[in-house]
Every structure is written in structure tokens, then in C-alpha cells.
Amino acid sequence: MPAELADELVAIRRDIHMHPELGNHEIRTTGLVRERLEREGLKPRLLPGGTGLICDILPVSSGGPGGTGEARPEGSRPMLALRADLDALPIPDTKSVAYRSTIPGRAHACGHDVHTTIVLGAGIVLARMARRGLLPHPVRLLFQPAEEVLPGGAQDALEAGVLEGVGRILAVHCDPRVETGRIGLRTGPITSACDRLEISLSGPGGHTARPHLTTDLVTAAARLVTDVPALLARRVDTRAGLALTWGRLQTGHAPNVIPQVAELSGTIRCLDIDAWREAPDLVHAAVDEVAGMYRAKSELRYFRGVPPVVNEPGSSALLGEAMAVRLGAGSVEPTEQSLGGEDFSWYLEHVPGAMARLGVRPPGEAGAVPHDIHQGDFDVDENAITVGVELFTAAVILDAEER
């Protein structure tokens, strides 16, 4: 990749980082990506919601003039898709850097600015290859909105037909535990399923001197917090990794008044896709059982999130081979399955694909505490952008050779 393009991509990443936009509101980011692709002679197409876009890059042999971004000709080989996510998080940016977020309470604290820049950079390189007659087969760039909004913007993108004509899809996700110049890779599940639940408990309330005459909602809520996760752990194979973690418990206003309402919310995470499918029924039964012991009325709202990302063996091997070709076999390391959720999983319900963990930790900082994702001080070694672009472009070439 030319040095001037590497410098430009760092500037683009910083621009996006300074102007974070939340899910389904990525108007400026979408416009920035669209304008840069059009300057490369491509014809990106907006997704129906007005944020996010796709862009096809065609080889001359596919019947197009090379890299125009027109819809692929009928009968041409299936495309390889490269996916990025556009949205930021509703948390403050606490870093002291020149490219710190300019929007209060919003930050690119998950690396989506890096993902977007990498796919954009790969698209620029591939378009230039196409114009020179070097692109081996069609490629689709997918810039998806609202990854952080359960059940994820991937479902809206799928309804818009983003996988039509696609035979394989690849992605990366920033990982501050992995050193720049390396990727973490795994065949099979690499993330977990993630759902959300909200529970409302109700009862008549009363005086704390006479809890026997009413429904003690504080105790009922406390027992839900401890007993429901414990029940689930005994009703699902422990290897499934089904875990309920609470994020909010709210009830009461006075020390001597038993309240009439209590509210709880949290997330369900699961390593196994079959257990994930059973989770709603299991959670409902456990909540009803515990609430019933304390005569509390319960109302549970269960929101489906995302299934696990399950890396297909061939696609995982393709990413590993592409990385090894660029930076050597030692640049690929095994990674464990994460309990984080990722809506890239929805694409893998339709076509084979894989996600790699992209190293963004500066070399030599192995002993330092990493700037973990979803924290206000998260940042990356920007050399990882070049690594990601070269990983994707090598994967495109190798995918063509294998197919």
C-alpha cells in the first residue's frame, strides 16, 4: 500500500473518530465514505435507511469497465464481501489526544472507526487493481449501520439484500489484547450470543414493620438477582456458557416503605447456539418460579439480540493464510471465544464467513494495561489500519485462487 494512502487513511480514521455518530444516525460518516469511494471512480449505493452503503468492485472480465461499482453482471462468480460497522457508543471520550471526540457523550470506543477505514482502504486498493486488470473476482464493500443497537443493523442490511450475489463474507474486530501486526483467529464460535431482558415486579407495598402483610418486593428483587442465574446454571449444560448478568436494579424511595414496583434489567450471554435458542423459555420459567415464592407479580420482556459468530473453517483458514502471506506464519495466533456479542453473526446464518481479531496494541506494551473496548480511553495503534487493508486485499486474491 502506498505511503500516501496509509497517511490518508490515518487522517480519515481520525476524522471519523472526532465525529462519532450513534446507530442509524451515521449520516456524516456514510457521506465521508461515499465521497471517497466516488473519488476512486466507484458507485456506492446507500442502504434504504439512509445510513450505511454497499459498493461493488468488478474486474474487467465481469463485463464492467473495472471497478465501477455497478451491480455485478448476471452469471458472474459469487462475490467476496468485506464488512465494516459505522456506529459509535454513547459514552464520553476521556483521552487527551488531538483527535478526541468533538461530540459530548459519544465516542468510537469499540474501533468501528478503524473497521470502516480498513474496508474503505481495501476498497481503494481493489478499485485501483480493477482498473489495471488485476482484480481476480467481484468484491462487495459493506458499510453497515447500528451494530451496537440490538438486534443489530445487520438484520436491516440483510432485508435490503446486501448478500445477494455474495458467496463469502469477512470482517475484523479490533482487539487491544493482540499486538499490532498480528491477528487472533479461531474456527467455530468466536463470540457469544447476546440478548437483553427487562423485568418488572409489582405488589401492594406497605410498611417495613409488617412485611408479612404485603409483598416484600425488595427481597423478591434481591432473590431474583441471585437465584435466577443460579437456577439457569443448573438447567443448562455448563459447557453452553449461559450467563445472566444484571446491569440495573431500581426500587424504593424510603427506608421504612416497602415499594410497589421493582425493575431489573440485564443481558443473557451464551456460547452455544442451541442453548441460546432455549434461553427465553428457561429465563421465563426461572423468573416466574422465584417471583412466585415471594408472591410478586412479574412481567418479563425478553429482547432477542444476536447469535454467536461462528467462523466457517474455510473462511477462517483464508484469513489465516492471507495474514501469513503478508506478515508470516507467526502473525496468526489462536484466540478464545469471547462473551461479547456481534451482529456479524446474522450474515453467517446465510453465507460462510469469518471474523478475525485485529491486533491494535502497540508493540512493546505487552505488560501494560490495555485500553479495553467500550471504555472512554480506548485507542489503537494506527499502524493496524495498514495491516487490515493488506489482510483483506490478500484474502481477495487468495479467495479467487481457491475458488
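These legends walk you through several close-up views of a predicted model. Local features here need pLDDT of at least 70 and side-chain atom pairs count only at pLDDT 80 or more, while totals for chains, interfaces and linings use all residues. Residues are numbered from 1 along each chain as its sequence is written, and side-chain values use heavy atoms, with hydrogens and water left out.

**View 1. Helices α5 and α6 cross at roughly 135 degrees.**
Helix α5 covers residues 217-235 and helix α6 covers residues 273-293; helices here are DSSP runs of H or I with at least four residues, strands are runs of E with at least two, and both are numbered from the N terminus. Their axes come within 9 Å. An axis is a line fitted to C-alpha atoms, for helices over the stretch in contact, and angles run from 0 to 180 degrees between N-to-C directions. The pair is therefore oblique (under 35 degrees is roughly parallel, over 145 roughly antiparallel, 65 to 115 roughly perpendicular, and the rest oblique). The crossing is right-handed, meaning that the near helix is turned clockwise from the far one by less than a right angle.

**View 2. Here is where α5 and α6 touch.**
Look for Arg223, Leu224, Asp227, Val228, Leu231, Leu232 and Arg235 in α5, which meet Leu282, Val283, Ala286, Val287, Glu289, Val290 and Ala291 in α6. Contact means heavy atoms within 4.5 Å. By class, these residues are ten nonpolar, no polar and four charged (Ala, Val, Leu, Ile, Met, Phe, Trp, Tyr, Cys and Pro count as nonpolar, Asp, Glu, Lys and Arg as charged, and the others, Gly among them, as polar).

**View 3. Helices α1 and α8 make another right-handed crossing.**
The axes of α1 and α8 (residues 383-402) come within 9 Å and cross at roughly 115 degrees. That makes α1 roughly perpendicular to α8. Ala6, Leu9, Val10 and Arg13 in α1 meet Ile385, Thr386 and Val389 in α8. Sorted by class, this contact has five nonpolar residues, one polar and one charged.

**View 4. Leu141 sits in the largest nonpolar core.**
That core has 59 residues; a nonpolar core is a set of buried Ala, Val, Leu, Ile, Met, Phe, Trp, Tyr and Cys residues joined through side-chain atoms within 4.5 Å. Leu37, Leu82, Leu141, Phe143 and Leu358 touch the most other members. Helix α3 (residues 112-131) gives the most to this core, with eleven residues. Zoom in on Leu141 and you'll find it touching Leu37, Leu53, Ile54, Cys55, Ile57, Leu82, Val119 and Gly123, leaving aside residues up to four places away in sequence. Apart from this core lies another, of 52 residues, including Leu201 and Val351.

**View 5. The loop between β4 and α4 holds Ala146.**
Ala146 isn't a glycine, yet its phi is positive, at about 60 degrees. With 1% relative accessibility, Ala146 counts as buried (buried is under 20% relative accessible area, exposed over 50%, partly exposed in between, using a 1.4 Å probe and protein chains only). Pro151 also lies in the loop between β4 (139-144) and α4 (153-159). A cis peptide bond links Leu150 to Pro151, with omega about 0 degrees.

**View 6. Asn24 has a positive phi too, near 70 degrees.**
You'll find Asn24 in the loop between α1 (3-18) and α2 (27-39). Asn24 is partly exposed, at 41% relative accessible area.
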